[in-house]
Amino acid sequence: MQNANLFMLVAVLLPPKALDILGHVVEERMLQTPYGDFGPVALRQGVGQPPVWVGPYTGLSTRTDPRATLFAARLLGVQRVLTWEEGVALNTTLRRGQTQIVTDYIDWTRHHPATFFVDKHVHLVSALVMERKPVRTPFCPQMRAALHDVLPAAPEVVYVGVDGPRRETAAEARMFRLWGGDVIGSNLTPEVALANELGLCFAGLVTISDLSTDQPAIEPQGEFRAGLEATLQVLPRLLRQFDALPECDCAQ
């Protein structure tokens, strides 16, 4: 079996057997990092499919230290990290059940004590963090292109990262929208910044579960579940797309 080069963080609620579409579980691990344990993570591989590490993820303020998450990715030896989560639509053109491709972010998280690898483990950090170079494209362009190929109708969005689990107020929603935010979520920041520091390719998908508090309430009609199922169906093709990608500049 070839080595897996993708770590997928699943921050959406799926039926227990839904991820079997990625293949059967061939290995499970708990990973010990300097920032706490992470796991369990499962290595999955289907017939004719590349292997992928899959881990459940949560945006609660009591979640695993985000540094442990990305440190775990390094321990697994992957180059690419994909996070799929649910989010709240700020942009009034977005609707419940739509899946979006994240291209940029605003980090409004405040409850994590440290979000950078500037400590005794700094020897594992890439030159990026040491030189403090600006990140022009925080989300990997090659991974984004592959996402567009399998989800051609998915809009590109600016993501506002919050701590959760508290929902935004109407005033906060209006503020985030004025800033240029399209969706709100809790699982891509500060993770994307940490991935950038470690030279890992990072991509984000967000499926809309609700509209922001300042928008008129609309009774759900199963759109969110339908959106999850539609995205789930394209994951095998997406794995093959990622596996065929050449070496990326993100590691530089």
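**Note on the buried core and its aromatic rings**

1. Ala-73 is found in helix H1, where helices (H or I, at least four residues) and strands (E, at least two) are DSSP runs numbered from the N terminus. At 0% relative accessibility this residue counts as buried, a word that stands for under 20% relative accessible area, with exposed meaning over 50% and partly exposed in between (1.4 Å probe, protein chains only). Leaving aside its neighbours within four places in sequence, Ala-73 is in contact with Phe-7, Val-78, Val-81 and Leu-200, contact being heavy atoms within 4.5 Å. The C-alpha atoms of Ala-73 and Leu-31 are separated by 9.5 Å, although the two residues are 42 residues apart along the chain.

2. Some cautions on the model belong here: it is predicted, local features need pLDDT of at least 70, side-chain atom pairs count only at pLDDT 80 or more, and totals for chains, interfaces and linings use all residues. Residues are numbered from 1 along each chain as its sequence is written, and side-chain values use heavy atoms, with hydrogens and water left out.

3. For the chain as a whole, the secondary structure comes to 6 helices and 9 strands, and of the 252 residues 52% count as buried. Among the contacts with a separation of 6 or more, 84% are accounted for by residues 24 or more positions apart.

4. Which residues have the most contacts inside the largest nonpolar core? They are Phe-7, Trp-53, Leu-70 and Val-81, in a core of 37 residues; a nonpolar core is a set of buried Ala, Val, Leu, Ile, Met, Phe, Trp, Tyr and Cys residues joined through side-chain atoms within 4.5 Å. At least two residues of this core are supplied by each of E1, E3, H1, strand E5 (80-89), strand E7 (156-161), helix H5 (191-197) and E9, and the largest share, 6 residues, comes from H1. A second, separate core of 31 residues includes Val-10, Val-52, Val-54 and Cys-201.

5. Phe-7 deserves a point of its own. Not counting residues up to four places away in sequence, Phe-7 touches a list of residues including Phe-38, Trp-53, Ala-73, Val-78 and Val-81.

6. Turning to the rings, those of Phe, Tyr and Trp (its six-membered ring) pair if their centres lie within 6.5 Å, and planes under 30 degrees apart count as stacked, over 60 as edge-to-face and the rest as tilted. By this rule the count comes to 8 aromatic pairs. One of them joins Phe-7 and Phe-38 edge-to-face, at 6.0 Å centre to centre and with 85° between the planes. This pair links distant parts of the chain, for Phe-7 is in strand E1 (residues 6-11) and Phe-38 in strand E3 (residues 36-45), 31 residues apart.

7. Why is the pair of Phe-38 and Tyr-57 tilted? The ring centres of Phe-38 and Tyr-57 are 6.3 Å apart and their planes stand at 45°, so the pair is tilted. Because Phe-38 lies in strand E3 and Tyr-57 in the loop between strand E4 (52-56) and helix H1 (66-76), the pair ties together parts that are 19 residues apart in sequence. Both Phe-38 and Tyr-57 are buried, and ring pairs link Phe-7, Phe-38 and Tyr-57 into a cluster.

8. Finally, Ala-203 is found in strand E9 (residues 201-211) and is buried, with a relative accessible area of 1%. Ala-203 and Met-143 are 60 residues apart in sequence and 6.2 Å apart in space, C-alpha to C-alpha.
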